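Here is a quick tour of a protein model, written for someone who would rather look than read tables. Keep the viewer open and follow along.

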Amino acid sequence: MKELQIKRKKWYDKNAVKREFKEGDLVLVLATGRGNKFGIQWMGPGTIQRKISETNYAVEIPGKRERSQIYHINMLKRYHKGPEAVNLVGLEMWDAKQIDNDLDFPFIETNPNIRLSRNH
């Protein structure tokens with residue numbers, strides 16, 4: 001039994017990734033107790049308050065009744081804030097003689113899923 005335990009631990013450790021959070025890190029918490037157990041849903045972002053042990057962290061999530069709750073590291077993932085969506089409006093100078101009543105007003109794309117890269 002002990003030999004099998006050592007063998008399985010070696011196999012697990014070979015593929016395991018060590019994760020660790022610091023106080024103040026933003027994380028998402030896996031929501032449990034939902035109607036559909038296959039529908040994964042993440043809550044947050046929450047803030048790491050303190051490290052309880054190697055695998056448990058106290059996390060504060062805004063809007064929750066309790067100030068902070070303890071979560072296992074397998075229930076947490078790092079929160080990466082995405083770039084903010086910005087809609088730009090470009091104005092062109094028109095010569096008053098060129099304006100025609102039949103011209104349509106230009107359509108401005110307002111899709112929030114379009115993001116501009118910071119390199120431009």
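## A word on burial

Before we pick out residues, one cut-off is handy: a residue is called buried under 20% relative accessible area, exposed over 50%, and partly exposed in between. Gln 69 has a relative accessible area of 28%, so Gln 69 counts as partly exposed. Keep in mind that what you are looking at is a predicted model.

## The overall layout

The protein has 1 helix and 5 strands. Walk along from the N terminus and the elements come in the order α-β-β-β-β-β. Of the 120 residues in the protein, 13% are buried.

Start with β1, which spans residues 26-30. β1 and β2 run antiparallel, with 4 bridges between them. To find this pairing on screen, look for Leu 26, which sits opposite Thr 47 in β2.

β2 (residues 42-51) then goes on to β3 (residues 56-60), again antiparallel and again with 4 bridges. A hairpin makes the link between β2 and β3, using 4 residues.

Gly 44 and Pro 45 are joined by a cis peptide bond, with omega about 10°. Pro 45 belongs to strand β2.

## The nonpolar core

Which residues make up the largest nonpolar core? There are 12 in all: Phe 21, Val 27, Val 29, Ala 31, Met 43, Ile 48, Tyr 57, Val 59, Ile 61, Tyr 71, Ile 73 and Leu 76. At least two residues of this core come from each of β1, β2 and β3. As a general point, nonpolar side chains in soluble globular proteins tend to be buried together.

Beyond its neighbours within four places in sequence, Leu 76 is in contact with Arg 19, Phe 21, Val 27, Leu 28, Val 29, Trp 42, Ile 48, Tyr 57, Val 59 and Tyr 71. Leu 76 and Phe 21 are 55 residues apart in sequence, and their C-alpha atoms are 9.5 Å apart in space.

Setting aside neighbours within four places in sequence, its contacts include Met 43, Val 59, Ile 61, Tyr 71 and Leu 76. Gln 41, Trp 42 and Met 75 are also in contact with Val 29.

Leu 30 lies in strand β1. Is Leu 30 buried or partly exposed? Its relative accessible area is 23%, so Leu 30 falls in the partly exposed range. Not counting residues up to four places away, Leu 30 touches Ile 40, Gln 41, Trp 42 and Met 75. Leu 30 and Met 75 are 45 residues apart along the chain, with 5.1 Å between their C-alpha atoms.

Now back to Gln 69, which is placed in strand β4. Leaving out residues up to four places away, Gln 69 touches Tyr 57, Ala 58, Val 59 and Lys 64. Gln 69 and Val 59 are 10 residues apart along the chain, and 5.5 Å separates their C-alpha atoms.

## A cavity to look for

The count comes to 1 cavity of 30 Å³ or more, and the largest cavity has a volume of about 30 Å³. Which residues line the largest cavity? They are Val 59, Ile 61, Lys 64, Glu 66, Ser 68, Gln 69 and Tyr 71. By class, this lining has 3 nonpolar, 2 polar and 2 charged residues.

Definitions and conventions: Residues numbered from 1 in each chain as written. Predicted model: local features only at pLDDT ≥ 70, side-chain atom pairs only at ≥ 80, totals over all residues. Heavy atoms only, no water. 1 Å grid on protein atoms, 1.4 Å probe; cavity = no way out; pocket = protein on both sides within 12 Å on 5 of 7 lines; lining within 4 Å. Points joined across faces, edges and corners; volume = space filled by probe spheres on them. Nonpolar A, V, L, I, M, F, W, Y, C, P; charged D, E, K, R; others polar. Pairing = 2+ DSSP bridges. Core = buried A, V, L, I, M, F, W, Y, C linked by side-chain atoms within 4.5 Å. Buried < 20%, exposed > 50% of the residue type's maximum accessible area, 1.4 Å probe, protein only. Contact = heavy atoms within 4.5 Å.
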